[in-house]
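Thanks for coming. Please look at the chain on the screen while I go through a few of its parts.

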Amino acid sequence: MEKSARPRTALNECVKVVVRCRPLSEREKKESYDEVSKSRAELKWYERLSTKSIVDSKKFDGPLQVVKVWPERGTVQVYNPKGEDKLFTYDAAYDCSADTQTLYDEMVRPLVASVLDGFNGCVFAYGQTGTGKTHTMEGTADDEGVIPRAFRHIWSHIENNASPDVTHLVACSYVELYLEDVRDLLSKDNKKLTIRGQELNGFYIPEMTSVVCKSAAEMVRVMKAGNRNRAAGRTDMNEHSSRSHAVFLVTVETAHRKTNRIRVGKLNLVDLAGSERQRKTGASADRLREASRINQALSSLGNVISALAENSPHVPYRDSKLTRILQDSLGGNSKTIMIANIGPASYNYDETITTLRYAHRAKAIKNKPVRNEDPKDAKLREYQAEIERLRALIEQRRAADGRRRAPRPPRAQRPAPPPPPPPHAEEETVSIENEHIIAESTIEQEKCKTEELELQIKSLEERLVQGGGGKDLINNLNESQIILEQRNMEIAERKKREVEMQQKIDLEEETTAIVTNTFATLQQEVDHKTQRLKKCLSKYASLREEMVEQREAHDSERREHEALQAALIAELRRRLLLADSFVPEAGRATVLRLRYDDDSDAWEAAAPRAAPPAAAPPRLRPPRRAPLRLQPLPLPPTTRPYRPRAAPQVPETPVKKEADMEPAPRKATARPRAPTAHQRLGTAGVR
Ligand SMILES: Nc1ncnc2c1ncn2[C@@H]1O[C@H](COP(=O)(O)OP(=O)(O)OP(=O)(O)O)[C@@H](O)[C@H]1O
């Protein structure tokens, strides 16, 4: 077996993080701000920024832009109304003047090139709603997005590398995750799909539709067809908001005849739904439900990013379907780019800071990309085997057909049949004719089947792209363009490295100065150290401030979750009461019961309780009598106090011996009993 020229495993590779800031939208520009309606934070901003000559303090139109991007350093600065500005550094940062072409050439192109070389790749756009995720991934008529650019890149590569020894197969799938349901956007009825697999071996979606494409234009058509099925809606933040997470999967298989090897690269292009604060969401219950699910999935994604960044032993991939789908892209076998989209307006300050923090954390995630060579599930191998099988079948059929059609030996050479009985001569002629007809129809059928097989082979071969080795002028032009773009990218990379080096040098110089500095006077030393102490104190203060902010953000998020949950339960209760839980005969509503459904991972209303059976006629009981109370009767004043009467004198009987004694009858031995209270009272009453 020929040894691969390049290593199969790339070194552990960190997730690359890019920040893109969109311009102020037309709506934002139109919003008029006067001094009265300005929030206190906004006024603070104005004060601070006007002292820095960033804004004109007399001009109060439109929200403030509080984000400043330094593309040459990959740094994003956010003006902070409370204290020091916040600075975040990434692999690249683009301001509102940058187009998607620049972003693609500098960051995404190398990743797609790796996919064409058999690696897995993922580009995902993350950010608050309305910050330009769909704009970046899908693009517009004027500015094509990352996805169609990747299609063109793939096909220009295939055309440029066309050779009879190389065969390609390109297939696309498109799924969306809406309210925790995975749906196939390329199937007729948007059927629901199941994610299978385990955390150890990876998750996969076995039943999703896979469409084989033969050009970039065909892939764009597939994407547009899927987009028509995608859940979208209007929110207060975005006219056309994506309400689902969408994953476009491109699989590129390349077979090399000489090496007899197949490389399979998979590219996940993900447009996440935007996170949205409840207070900024439209109030409808469906919107609340959507927003709650979107935020839930995004917070699971945040937890996975945090766990990976902190090298935690447990990464909660299983918490949501989104994190299951993205498992390989985050900490697995993939090269990944995260595009964090932000808006520049001051009223989105909190969301912008949250996005930037997540993006900063994602920089620490290490992936382990491996080139996929000769995987078992390569479709190309399946197709090639099927073509071989069909060809062999056709050969067999042709051979059999040849034997059937071979000229029959002349009658003289044939063994003489036994002489037929003369009366059946006519019957025999008919049977021979029938035999002939049957044989001919069989031959016809066989011919049809062979043609069918040939058509099958043709359709299979059509799916595979095999170049004839001729590169035309346009392809050459494309190739030189690609080379030029790669050179530009290398220059940008070098510049970035220079900046990084400069930062490191500055840091080193600062530390060595402490050690090597010699001070002429004691005062000089005191001044220097005071300055350093001040710096340390301000750093400490900013870290504390960040901690407090994070806690506040966490608390407010929790409060929002709770409020959202309460709103959803109230809505559910209202609907159920209206719909079917009211039992008119009983004249009262049944008790609402909620149960937690593990499959859908949600609270659901349990089936309403059946109406109570018609009330049975009441059993008639005798009326309860008042308890008998015995009252002492008042005694007449002349009555003497009661004294029991003395027992009557009974004459003494002679004592018998024990042996002679017979059991005396009870009555005879009955002792006089003390009178009962009743008797006593009764007697008293009579007296
Ligand atoms: N870089 C940009 N340049 C110009 N316009 C932009 C840019 N980014 C976004 N926009 C515009 O901002 C609006 C919102 O963008 P988009 O729909 O892509 O946001 P989103 O993040 O996908 O929102 P959601 O999460 O709600 O789907 C669109 O009108 C889009 O054209």
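I start with residues 533-567: their end C-alpha atoms lie 50 Å apart, and the span is 100% helix and 0% strand. Helices here are DSSP runs of H or I with at least four residues, strands are runs of E with at least two, and both are numbered from the N terminus. UniProt, in an unreviewed entry, lists residues 443-502 and 533-567 as "coiled-coil region". UniProt positions are given in the numbering used here, feature names are shortened, and annotations may be inferred rather than shown by experiment.

Now, what you are looking at is a predicted model: local features need pLDDT of at least 70, side-chain atom pairs count only at pLDDT 80 or more, and totals for chains, interfaces and linings use all residues. Residues are numbered from 1 along each chain as its sequence is written.

The chain has 15 helices and 24 strands. Of its 687 residues, 26% count as buried, where buried means 20 or more other C-beta atoms within 10 Å of the residue's own, exposed means 12 or fewer, partly exposed is in between, and C-beta atoms are placed from the backbone.

Two strands pair if DSSP finds at least two bridges between them. Strand 3 (residues 67-70) is joined to strand 4 (residues 75-78) by four bridges; V69 has V76 as its bridge partner, and V67 has V78. The two strands form a hairpin with four residues between them, and G74 in the turn has a positive phi of about 70 degrees. On to strand 5 (residues 86-89): four bridges pair this strand with strand 4, and V76 stands opposite F88.

Last, strand 2. Is strand 2 enclosed or open? Six of the six residues of strand 2 (residues 16-21) are buried, so this strand is largely enclosed by the rest of the structure. In a regular strand, side chains alternate between the two faces of the sheet. Here K16, V18 and R20 point one way, while V17, V19 and C21 point the other. Strand 2 pairs in the parallel sense with strand 18 (residues 335-342) over six bridges, where C21 has I342 as its bridge partner. Strand 2 also pairs in the parallel sense with strand 6 (residues 92-94), over three bridges, and V19 stands opposite A93 there.
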